[in-house]
Amino acid sequence: MTALLNAANLLEADTLREASDFLQRYQQETGQPDPTRLEDLRREMTHTGKFELSFGELEWAARVAWRNSTRCVGRLYWPALEVRDLRHVTAAQEVFGHLRQHLHDAQNGGQLRPIISVFGAGVEILSPQLLRYADDPANAELCRVLEQLGWQAQGERFELLPVAIRGAGQAPQLFDLQPEEVLEVPIQHPEFPALAELGLKWHALPLVSDLSLDACGMRFAAPFNGWYMQTEIAARNLADQGRYNVLPDVARALGLATRHERSLWRDRALLELNIAVLFSFEQAGVKIVDHHTAAQHFVRFEEKEAQAGREVRGRWSWLIPPLSPATTPIWERQYNDEEERPNFARCPYH
Ligand code: ARG
């Protein structure tokens, strides 16, 4: 009993330290020292174990969580993240309504905008991303969960899965998106028409929902989106042998002989598929970045952070692109990969 109590006290002390660290860093960085607010925090945390962030604090937390995301190469744009304060929203049906609005506003007719929606305590989004396909082997486990909740596959290619949400104190529920509210891009190649006949496509928006916002000793379900780098789709989602595994089909569409590995048909197919994804998004008027431009942006991010007197941490194996990594300036750099808060953390239920 004493040991348990001590553990609980320790946990509280940790949370209190985390919370006041957060507030101090916020005040320092925004140049708004506010000793009263720090006092309030200490008092409320000690008496109620809770503390409500102001909108300014929440907004800063979400943006800095992006800035601190060691795996993300697109961090230059962290100050532009639009933060939606939905902490009053805890019922599944309402969460879904707001996610729909998020999807619509973030897609923005192709001019994608980075948005994060921060939901209330107890909300869990079981789907790892808002948009997921049933026939993508990466989602096999998710499909089993959805089946238990009553979903049945139609068996189509690129079939959109329903979104599974658990409202605070509720059982998980499934919600369907309408096909017309989801922006998707059919894949075609500027020089090889046969590639379009493969019927490949991908959704425009990566809307990640299996990471929670970890700030000030609290965790919020907080789905967010940026925009794609083409390698995510062309060098991984469609190409991985454990995903759509389309390189043999692409090679055939390009008329490549696939008998000998040393002909490097896989590499040629991979390169043309990357060109095709960039071309298709451009044709469809949907924002996407190539890996060379993204790496240049990352270097600029590093320069800006250095000017601000901050260290950029990173996970090198995630920052280098899976296509031609050694052609980017990131290749020869080194990064400290220790995590800092605020950050995005894997949700406990995933
Ligand atoms: N790699 C994931 C996917 O292919 C998306 C992760 C987030 N990516 C991004 N560009 N914000 O769906």
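1. A residue counts as buried under 20% relative accessible area, as exposed over 50%, and as partly exposed in between. Leucine 264 has a relative accessible area of 47%, so leucine 264 is partly exposed. The structure discussed here is a predicted model.

2. Most residues other than glycine have a negative phi. Leucine 264 is not a glycine, yet its phi is positive, at about 60°. This leucine is found in the loop between H7 and helix H8, which covers residues 265–284.

3. With a relative accessible area of 33%, asparagine 245 is partly exposed.

4. Most peptide bonds are trans. The bond that joins arginine 341 and proline 342 is cis, with omega about 0°. Proline 342 is in the loop between helix H10 (316–319) and strand E12 (343–346).

5. Now the chain as a whole. The protein chain has 10 helices and 12 strands. For 350 residues, a compact globule would have a radius of gyration near 20 Å, and the 22 Å of the protein chain agrees with this. The C-alpha trace spans about 70 × 50 × 40 Å along its principal axes. Of the 350 residues, 47% count as buried.

6. Contacts and surface come next. Taking contacts between residues at least 6 apart in sequence, 69% join residues at least 24 apart. The protein chain exposes about 17,600 Å², and carbon and sulfur atoms supply 49% of that area. There are 36 positive and 48 negative side chains, and the centres of the two sets lie 2 Å apart.

7. Which strands make up the open sheet, and in what order? Four strands form it, in the order E1-E2-E11-E8, with mixed pairing. Strand E1 (82–86) and strand E8 (207–208) stand at the edges; each has a single partner strand, so one side of each is left without a neighbour in the sheet.

8. E1 and E2 run parallel and are joined by five bridges, with glutamate 82 opposite isoleucine 115 in E2. Strand E2 (residues 115–119) and strand E11 (residues 224–225) run antiparallel and are joined by two bridges. Here isoleucine 116 stands opposite phenylalanine 224 in E11.

9. Is E2 mostly covered or mostly open? E2 is mostly covered, as five of its five residues are buried. Ile115, Ser117 and Phe119 point one way from the strand, while Ile116 and Val118 point the other way, and all are buried.

10. Other strands to trace are E3, E4 and E5. Strand E3 (residues 124–125) pairs with strand E4 (residues 163–166) over two bridges, in the antiparallel sense, and glutamate 124 stands opposite arginine 166 in E4. E4 also pairs in the antiparallel sense with strand E5 (residues 173–175), over three bridges. In that pair, alanine 164 stands opposite leucine 174 in E5.

11. How many residues lie between E4 and E5 in their hairpin? There are six, and glycine 169 in the turn has a positive phi of about 70°.

Notes. Residues are numbered from 1 along each chain as its sequence is written. This is a predicted model: local features need pLDDT of at least 70, side-chain atom pairs count only at pLDDT 80 or more; totals for chains, interfaces and linings use all residues. Side-chain values use heavy atoms; hydrogens and water are left out. The radius of gyration is taken over C-alpha atoms; the globule rule is 2.2 Å times the number of residues to the power 0.38. Buried means under 20% relative accessible area, exposed over 50%, partly exposed in between (1.4 Å probe, protein chains only). Contact means heavy atoms within 4.5 Å. Accessible areas come from the Shrake-Rupley method with a 1.4 Å probe; for residues, only the protein chains shown count as cover. Lys and Arg count as positive and Asp and Glu as negative; His and the chain ends are not counted. The place of a charge is taken as NZ of Lys, CZ of Arg, CG of Asp or CD of Glu. Two strands pair if DSSP finds at least two bridges between them.
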